[in-house]
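Got a new model to look at and wondering where the labels come from? Let's go through a few of them together.

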Amino acid sequence: MGNGYDIIIIGGGHAGAEAAAASAKRGAKVLLLSLSLDALGFMPCNPNVGGSAKGHLVTEIEALGGIMGKAADKASLQVKVLNKVNGAAVHSLRMQTDKNLYHRTIKSVLENTENLTILQTEAVEILVKEESGVKIVCGVKTRHGAIYSCRAAVICCGVYLNSRTLTGETIVESGPNGFLRSEILTKSLLSLGLPLRRFKTGTPPRLKGNSIDYTKCEIQTGDADESGYSYECPPRNDVPCYLTYTNSDTHNIILSNLDRAPLYNGSIAGVGPRYCPSIEDKVVRFKDKARHQLFIEPEGADTDEVYLSGFSTSLPSDIQNECVKTIAGLENAHITRYGYAIEYDCLDPRALYPSLAVK
């Protein structure tokens with residue numbers, strides 16, 4: 001085989017970017033394969049870094065010389081520490097970021113990392129050879145037919161692996177935000193005897209900011225004197241977010257249309273995240289709650305689009321329109337992008353050693 005590398009990274013999201021940068025900094029010759037270079041470090045789900053259960057992880061990445069914390073600081077719009085009413089052990093830094101600036105920052109860092117080559121293409125097969133009865137990774141084949149040899153492959157496909165998006169009756173074989181998906185690699189992983197699972201996550205609708213009546217919402221400012229993750233680039237912390245709530249009208253519309261909700265009509269087979277339920281799940285599972293919090297958060301400094309955090313949904317577009325207009329401040333809001341659920345394949349973690357190498 002030609003085109004030899006020490007390590008090939010498949011996928012350029014948060015995990016792939018860190019894996020590629022860390023490997024290259026350690027002196028390995030690295031190839032990063034991405035379906036789209038426009039998706040490097042892209043945040044299709046929510047434009048923030050950190051938060052509960054993740055803020056400490058970003059800090060650990062920063063301490064180990066990673067790139068996420070510095071990029072978040074550079075792209076910051078607002079900084080907030082969550083769970084302040086509780087003990088220090090659960091305090092968690094959360095940074096609202098400019099989605100496009102974060103992507104551009106990660107892309108620039110990777111482009112300027114020594115020993116790292118970036119290529120836009122689809123990985124379709126993990127090649128192996130046998131040595132003393134043990135299968136050893138020896139290369140990766142791409143959709144263009146090219147073969148790149150390697151001593152290890154790191155798979156960071158995220159939500160792109162054999163994925164499809166669902167908005168009511170509309171089901172599209174695609175990755176998030178309209179990006180391409182990885183269509184063939186699943187077959188290669190199964191042929192190697194690796195156990196796969198089907199997961200699901202969701203996104204909320206995006207709204208046109210100047211169609212919102214913010215006087216009916218509660219302003220949410222950042223916390224003063226927060227230093228960010230890296231202590232190198234003082235984060236911007238002057239862009240407000242806003243708080244509003246669902247109500248009984250919102251809930252009644254959702255409950256009356258569960259037969260059109262992929263999460264409840266059998267269209268979705270994947271398992272959703274335990275601590276980040278869709279609005280349909282919240283309304284069904286927590287019927288004692290008269291309302292649920294929704295945070296209106298900016299997508300970036302150079303766009304009017306905002307993100308309706310807490311309203312992840314796969315409901316049909318017409319129902320999303322109805323629901324949004326029941327919410328205080330959003331009565332005349334214009335949806336720019338409908339929310340969707342995304343189903344995707346992932347590796348069963350019980351097939352991994354603690355080192356994350358496959359057994």
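Q: What is the bridge partner of leucine 166 in β12?
A: In this predicted model, leucine 166 has isoleucine 171 as its bridge partner in β12.

Q: What makes β11 and β12 (residues 170-172) a pair of strands?
A: Two strands need at least two bridges to count as paired. Here 3 bridges join β11 to β12, and the two run antiparallel. In their hairpin there are 2 residues between the strands, and glycine 168 takes a positive phi near 60°.

Q: What does β11 pair with besides that, and in which sense?
A: With strand β20 (residues 341-347), in the antiparallel sense over 3 bridges. Leucine 166 stands opposite alanine 341 there.

Q: Which way do the residues of β11 point?
A: Arg164 and Leu166 point one way, Thr165 and Thr167 the other, and all are buried.

Q: Why is arginine 260 called partly exposed?
A: Partly exposed lies between the buried limit of 20% and the exposed limit of 50%. Arginine 260 has 23% relative accessibility, so that label applies.

Q: What makes glutamate 331 and lysine 216 a salt bridge?
A: Their side chains meet at 3.4 Å, N to O, and the cut-off is 4 Å, so the pair counts. Glutamate 331 is in the loop between α8 and β19, and lysine 216 is in the loop between β14 and β15, 115 residues apart.

Q: Why can we say that the buried residues of α8 line one face of the helix?
A: Ile319, Gln320, Cys323 and Val324 are buried in α8 (residues 317-324). Seen down the axis, they fall within an arc of 130°, so they line one face.

Q: What covers those buried residues of α8?
A: The cover includes β11, β14, α6 (248-255), β18 and β19.

Conventions: Residues numbered from 1 in each chain as written. Predicted model: local features only at pLDDT ≥ 70, side-chain atom pairs only at ≥ 80, totals over all residues. Heavy atoms only, no water. Buried < 20%, exposed > 50% of the residue type's maximum accessible area, 1.4 Å probe, protein only. Helix = DSSP H or I, 4+ residues; strand = E, 2+ residues; numbered from the N terminus. Arc of directions from axis to C-beta. Contact = heavy atoms within 4.5 Å.
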